[in-house]
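Work through the exercises below with the sequence and the model open. Each task is followed by its solution.

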Amino acid sequence: MRACAAALMALAALAAAAQPLPDGRRSGFEFMGESTQAMQRDDALNPGMLWVLEGEAAWSQPVGAEGHSCAGCHGAARQSMRGVAARYPAFDAALQRPVDLRQRIANCRRKLQPQALAPGDEPQALALEAYVAFQSRGLPITPPADPRLEPARERGRRLFHQRLGQLDLACSDCHETHAGRRLGGSPIPQAHPTGYPIYRLEWQSLGSLQRRLRSCLSGVRAEPFAWGAPEWIELELFLAWRARGMLLESPAVRP
Amino acid sequence: MARTLITAPSSARRGEAITLRVLLQHPMESGFRVGADGRLLARDIVRRFSCSYNGERVVAVELFPAVAANPYLEFSALALDSGTLDFVWEGDHGFQHREQRTISVT
Amino acid sequence: MKRRPVLLTAAGVALLPPARATPEAMASAIRSFTGGAPLREGKVQLDVAPLVDNGNTVPVTLSVPGAPPAEVAALALFNERNPLSDVLRVDFGPRAAARSVSTRIRLATSQQLVAVARLADGSCWSQRVEVVVTLAACIE
């Protein structure tokens with residue numbers, strides 16, 4: 001019956017996610033067609049759940065010379081990881097800079113297995129990210145009130161409004177000025193990271209926010225920053241602040 | 001080891017129609033896409049799927065490249081007796097994956 | 001009579017866009033499923049969004065509300081403009097209940113889809129639906 005109640009709560013949270021906030025902010029979910037929304041709502045239909053299952057298996061898998069696993073330190077993810085994805089990117093005291101969830105997981109894994117995880121969307125890193133993010137499904141995005149994040153977040157805000165690429169477009173041009181209108185037949189969403197990592201129909205695969213931002217830059221014919229460049233985290237910080245209070249839908253489905 | 005997500009009831013009433021939903025993690029590379037180097041990416045798809053219930057056929061499906069990646073199938077079976085549901089996927093490059101689920105019918 | 005010089009290298013062939021199926025190719029694929037039986041409109045239902053979010057993953061459902069399940073032997077889906085006309089073929093066995101299947105398909109462009117049901121008595125029924133597919137705005 002506990003599982004039933006939890007499922008019902010998650011469903012209620014998802015239904016709540018579908019309603020626009022009084023300030024007019026709407027999740028990308030609302031800009032999708034009915035059948036794509038149905039694909040996200042139902043865990044039996046959502047291809048992102050394949051990666052969540054993979055992450056669940058990876059969570060308990062022993063790695064490295066001493067055979068530690070995520071579960072060895074963190075126990076059951078349902079308890080220990082609840083709310084974690086909702087407050088990333090966060091400041092990493094050891095590295096003295098902000099990191100996103102993927103980097104946090106990679107850093108942790110590297111302690112267990114020094115040669116693990118190269119940049120990019122490698123399958124296991126993505127699966128773990130999906131599994132951890134899934135534990136925050138239905139929770140509001142809650143950027144930490146950490147003053148150490150402010151300089152990077154401000155740089156992210158400026159990047160969001162900066163014209164880029166051969167098309168000379170800023171993120172805000174499409175996702176604020178023209179949000180809700182159509183580009184090439186497709187509705188332009190408001191660019192809130194409410195469901196990452198997402199199963200993007202265009203990719204026919206799961207992918208991170210960084211991957212999505214890269215394709216945005218390619219879209220305006222700008223050269224994307226290198227994988228793991230600070231600009232991505234700065235943008236992610238700003239986007240998370242901009243979406244504060246909106247509910248997480250991870251793993252979401254998006255066109 | 002391909003990942004699957006199978007939604008099948010663990011129990012049913014005799015004579016009930018049950019809904020079976022299967023999702024398989026597979027790229028379903030169509031064979032029509034061109035890679036970053038300009039060369040055609042070789043076809044790699046699941047070609048056949050079948051489901052049996054205590055050895056009797058429920059469905060046999062032939063899939064073509066037009067089926068989307070991470071193929072999803074939803075169909076209906078008649079619950080007549082308790083036993084085993086068998087799911088088999090086969091495809092290019094010797095791909096084969098089997099799953100089983102048990103069902104109790106009263 | 002002039003002859004046009006044709007230059008085809010192996011790389012050139014690989015770079016050619018995939019040929020589109022033609023209406024004739026679709027008719028031929030349908031014939032291979034029907035065994036030549038005449039195609040009549042009706043009985044079979046094809047559920048698909050008229051305007052899709054992304055042509056890479058389009059949910060569809062084929063069903064036969066117009067005939068008792070035991071009468072329906074097989075279902076198939078065909079398309080007009082992907083490189084291949086066939087999308088999916090389903091044979092129902094003795095343990096199948098409702099004659100219905102849902103899946104997700106790829107559509108290269110806006111086109112007509114044809115669902116065909118083959119009944120136990122050999123008769124074949126079809127339904128045609130036009131689907132609009134737009135390209136994703138921001139692609140990699």
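**Exercise 1.** Which residue of β6(C) does E62(B) stand opposite?

Solution. The model is a predicted one. Start with the strands: β5(B) pairs with β6(C), residues 86–92 of chain C, in the antiparallel sense, over 5 bridges. Then go to E62(B), which stands opposite R89(C).

**Exercise 2.** Describe the side of chain B that touches chain C.

Solution. Begin with the counts: 27 residues come from chain B and 29 residues from chain C. Next, assign elements: on the chain B side, β5 (56–63) and β6 (72–79) of chain B each give two or more residues. The largest share of that side, 8 residues, belongs to β5(B). Finally, sort by class: the chain B side has 20 nonpolar, 2 polar and 5 charged residues.

**Exercise 3.** Why do the buried residues of α8(A) lie on the same side of the helix?

Solution. In α8(A), residues 150–160, the buried residues are A152(A), R153(A) and G156(A). They lie on the same side of α8(A) because they cover an arc of only 100° around the axis. On the other side, E150(A), P151(A) and R158(A) are exposed. The buried residues pack against β2 (97–99) and α11 (230–242) of chain A.

Notes
Residues numbered from 1 in each chain as written. Chains lettered and ligands numbered in written order. Predicted model: local features only at pLDDT ≥ 70, side-chain atom pairs only at ≥ 80, totals over all residues. Buried ≥ 20, exposed ≤ 12 C-beta atoms within 10 Å, placed from the backbone. Helix = DSSP H or I, 4+ residues; strand = E, 2+ residues; numbered from the N terminus. Arc of directions from axis to C-beta. Contact = placed C-beta atoms within 7 Å. Nonpolar A, V, L, I, M, F, W, Y, C, P; charged D, E, K, R; others polar. Pairing = 2+ DSSP bridges.
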